[in-house]
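Look over the sequence and the model before reading on.

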Amino acid sequence: MKMTSTANVRILDQRSPQERERTFLPGTGKEWLLPFYDAFSRFAGIRALHRRAVTRAGITAGQVVLDVGCGTGNLALAVLDAVPGARVTGLDPDGRALRRAARKAVRRGVPLTLVQGYADRLPGAQASFDHVISSLAMHHVDDDGRTGFARDVARVLRPGGMVTILDFGGPGDGAGHGHGHAHRHGLRRRRTGSPHVSRNVDGSLAELLDAAGLRDARETEHLDHRSGPVTIVQARRA
């Protein structure tokens, strides 16, 4: 169902009636912090992480891209900045964040489709995307949701298509993973053993993608960011 449309920017609602009651952890951790999200991100230097994820993904003009957990649209807009000819869709359960993303896209004059929905039920038909990307979102998704996400990535990617996930985590036992939650990136250090970030350590994201049948799933880069260790995980559909 279409919610709103302005020029080449539109928001669609793909939630089922049951999903409208489904809870989620906002990108800011608490709803009232949403107006400060972009300021927090700029302060913490998250834009550089987005640029790195886009470079690592290797997106080219004309390719179709899905940004999962897009929030206020920063990664999706980073793709369009780097690759103006890409066709980008952003997915997030937070309608307020999507409306902010839409306003930013309108101001920039770039085309962007935004979908309100969940990571374990991706929009699009089978083999409809060249790339699935995600930044600092997977640690917000519970175990069942992560399994569903990986399975649906394998469904929506075209043969040879790639998934690129950037998130807190990496090797080790989770020590030092800074995430002053609510994505208060860099404003304070989250205590060791974060239950959200701990799911990402020791290659668990790569294992998740491998179990879904994707090929060459591995951590391709580790970054020592001021908010804490960050990993980039990639895999391909055969």
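The chain has six helices and nine strands. Helices (H or I, at least four residues) and strands (E, at least two) are DSSP runs, numbered from the N terminus. This is a predicted model, in which local features need pLDDT of at least 70 and side-chain atom pairs count only at pLDDT 80 or more, while totals for chains, interfaces and linings use all residues. Residues are numbered from 1 along each chain as its sequence is written, and side-chain values use heavy atoms, with hydrogens and water left out.

Of the 238 residues in the chain, 56% are buried. Buried means under 20% relative accessible area, exposed over 50%, and partly exposed in between (1.4 Å probe, protein chains only). Take contacts between residues at least 6 apart in sequence: 75% of them join residues at least 24 apart. A contact means heavy atoms within 4.5 Å.

How far can the model be trusted? pLDDT is the predictor's confidence in each residue, from 0 to 100. The chain averages 85, and 82% of the residues score at least 70. Over residues 173-195 pLDDT stays under 50. For that stretch the model has 73 contacts beyond four places in sequence.

Now the largest pocket. Rolling a probe the size of a water molecule over the atoms shows where empty space is left. On a 1 Å grid over the protein atoms alone, a pocket is an open set of points where a 1.4 Å probe fits, with protein on both sides within 12 Å along at least five of seven lines; lining residues have an atom within 4 Å of a point. The largest pocket holds about 590 Å³ of space. It is lined by 36 residues, and Leu25, Asp92, Pro93, His140 and Val141 are the closest to its centre. Strand S3 (64-68), helix H3 (74-82) and strand S4 (87-92) each give two or more residues to the lining.

Arginine 15 sits in the loop between strand S2 (9-13) and helix H1 (37-44). Is arginine 15 buried or exposed? It counts as buried, because its relative accessibility is 18%. Its side chain makes a polar contact of 2.9 Å with that of aspartate 13. Such a contact is a pair of N or O atoms within 3.5 Å, one able to donate a hydrogen and the other to accept it; residues adjacent in sequence count only if both atoms are side-chain atoms. Beyond four places in sequence, arginine 15 touches Arg20, Gln116, Gly117, Tyr118 and Arg121.

Last, backbone angles. Most residues other than glycine have a negative phi. Leucine 136 has a positive phi, near 55°. Aspartate 216 has a positive phi of about 55°.

How values were computed. Grid points are joined across faces, edges and corners, and a volume is the space filled by probe spheres set on the points.
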